[in-house]
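This report is for a reader meeting the structure for the first time. Please look over the sequence and the model before reading on.

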Amino acid sequence: MRIGLFFSEPRGDDPIAELRERLAGAAADGFASAWISHIFGLDALTALVAAGSAAPGIELGTSVVPTYPRHPAALAQQALTANAALGGRLTLGIGLSHKVVIENMYGYSYDRPARHMREYLSVLLPLVREGEVGYQGETLKAEIRLSTPGRGLPVLIAALAPRMLHLAGAVADGTVLWMTGPKTVVEHVAPAVTAAAQEAGRPAPRIVCALPVCVTDDPAAARTRADEIFSVYGQLPSYRAMLDKEGAAGPGDVAVVGDEDEVRAQIERLAEAGVTDFVASEYSERERTRQFLKGLVQ
């Protein structure tokens with residue numbers, strides 16, 4: 001299992017410089033990948049291009065770019081350009097976002113989101129793989145040829161519901177998860193996405209699992225802190241459904257927390273559940289946590 005780091009949006013006076021420093025540190029410490037969110041701060045793809053040259057040799061991923069605000073051909077062109085600029089190190093993670101964001105903030109319909117993603121991938125994937133597409137769906141149309149370099153980048157989707165997991169395995173390159181614990185991975189995510197890939201004759205899918213991590217001697221306090229920092233994910237319907245599947249009251253219950261031996265055991269359990277890439281979001285006792293994670297990859 002590959003080990004990576006997840007970075008929340010930088011919030012300092014110079015967020016690009018802050019991101020550049022974080023990515024450089026991840027590369028220097030030997031991590032396989034580094035992932036950044038795309039919410040209401042930096043544009044993830046632009047930021048990775050601006051900062052990624054400071055982190056040679058490491059995979060750089062988005063977790064995740066919302067689909068609704070961008071035509072898939074426009075996103076394909078941007079992602080291909082970013083991948084070319086990064087020397088082929090980009091992994092494009094995309095997702096539906098949430099109804100409250102898409103309808104209330106952007107003003108788009110969130111009706112039948114699985115249909116939206118299926119049609120979106122029907123345009124996006126041919127463009128990033130072959131550079132051209134001809135497609136007419138119910139909600140999307142594209143007759144486009146791109147000359148953009150950078151083809152062949154992996155595309156992962158944030159998939160939790162059954163139809164989305166099927167798309168992740170059958171047509172995309174796998175899934176990128178957040179706030180999804182080991183019980184849910186082994187019982188729900190891994191079987192569905194793997195079976196979909198096998199049925200479609202596709203390669204084994206990646207299952208990228210990002211979770212909050214804290215190495216500590218006070219796990220109760222660390223879980224309480226995770227509940228505070230990540231409280232919104234206990235309220236959004238899609239994440240709430242995954243927490244319920246796990247039997248978790250809140251984000252703190254799926255955080256990877258404990259001393260070095262306990263955290264190692266929890267990460268090993270994720271590998272046994274089918275996770276191909278574990279991505280750690282260090283949120284407390286960062287120095288001790290980073291030293292432990294470095295020990296896993298060096």
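Does W178 count as buried or exposed, going by its relative accessibility? The model is a predicted one, and in it W178 counts as buried because its relative accessibility is 9%, under the 20% cut-off.

## Overall form

The protein chain contains 11 helices and 12 strands. Its radius of gyration is 18 Å, which agrees with the value near 19 Å that a compact globule of 298 residues would have. Along the principal axes, the C-alpha atoms of the protein chain fill a box of roughly 55 × 40 × 40 Å.

Of the 298 residues in the protein chain, 53% are buried. The accessible surface comes to about 12,600 Å², and carbon and sulfur atoms contribute 50% of that area. Among contacts with a separation of 6 or more in the protein chain, 73% are between residues 24 or more positions apart.

## Aromatic pairs

Searching the whole structure gives 7 aromatic pairs. One of them joins Y68 and Y110: the ring centres are 5.5 Å apart and the planes stand at 35°, so this pair is tilted. Y68 sits in the loop between β4 (65-66) and α3 (72-85), and Y110 in the loop between α4 (99-106) and α5 (113-129), so the pair links distant parts of the chain, 42 residues apart. Y68 and Y110 are both buried.

A pair is also formed by W178 and F230, with ring centres 5.6 Å apart and planes at 75°, so it is edge-to-face. W178 belongs to strand β9 (residues 174-178), while F230 is in the loop between α8 (219-229) and α9 (237-246); the pair therefore ties together parts that are 52 residues apart in sequence. F230 is buried, and its relative accessible area is 9%. W178 and F230 belong to one aromatic cluster with F6, Y233, Y239 and Y283.

## The nonpolar core

The largest nonpolar core has 100 residues. Those that touch the most other members are L23, L92, I94, L121, L124, I157 and F278.

What is F278 in contact with, leaving aside its neighbours within four places in sequence? The contacts of F278 are M1, R2, I3, G4, C209, L211, V213, V256, I267 and L270.

## Helix α3

The 14 residues of α3 should span 20 Å at 1.5 Å a residue, and the end C-alpha atoms are 20 Å apart, which agrees. Its buried residues are P72, A73, L75, A76, A79, L80, A82 and N83. These buried residues of α3 pack against α2 (44-51), β4, β5 (90-95), α5 and β7 (141-145). After α3 comes G87, which has a positive phi near 70°.

## Backbone details

S63 and V64 are joined by a cis peptide bond, with omega about 0°. V64 is in the loop between β3 (59-62) and β4.

Two residues have a positive phi although neither is a glycine: S97, at about 65°, and M179, at about 60°. S97 is in the loop between β5 and α4, and at 23% relative accessibility S97 counts as partly exposed. M179 is in the loop between β9 and α7 (182-200). M179 is buried, with a relative accessible area of 0%.

Terms used: Residues numbered from 1 in each chain as written. Predicted model: local features only at pLDDT ≥ 70, side-chain atom pairs only at ≥ 80, totals over all residues. Heavy atoms only, no water. Phe/Tyr/Trp six-rings, centres within 6.5 Å; stacked < 30°, edge-to-face > 60°. Helix = DSSP H or I, 4+ residues; strand = E, 2+ residues; numbered from the N terminus. Buried < 20%, exposed > 50% of the residue type's maximum accessible area, 1.4 Å probe, protein only. Core = buried A, V, L, I, M, F, W, Y, C linked by side-chain atoms within 4.5 Å. Contact = heavy atoms within 4.5 Å. Rg over C-alpha atoms; globule rule 2.2 N^0.38 Å. Areas by Shrake-Rupley, 256 points an atom, 1.4 Å probe, with all protein chains shown as cover. Expected span 1.5 Å × (residues − 1).
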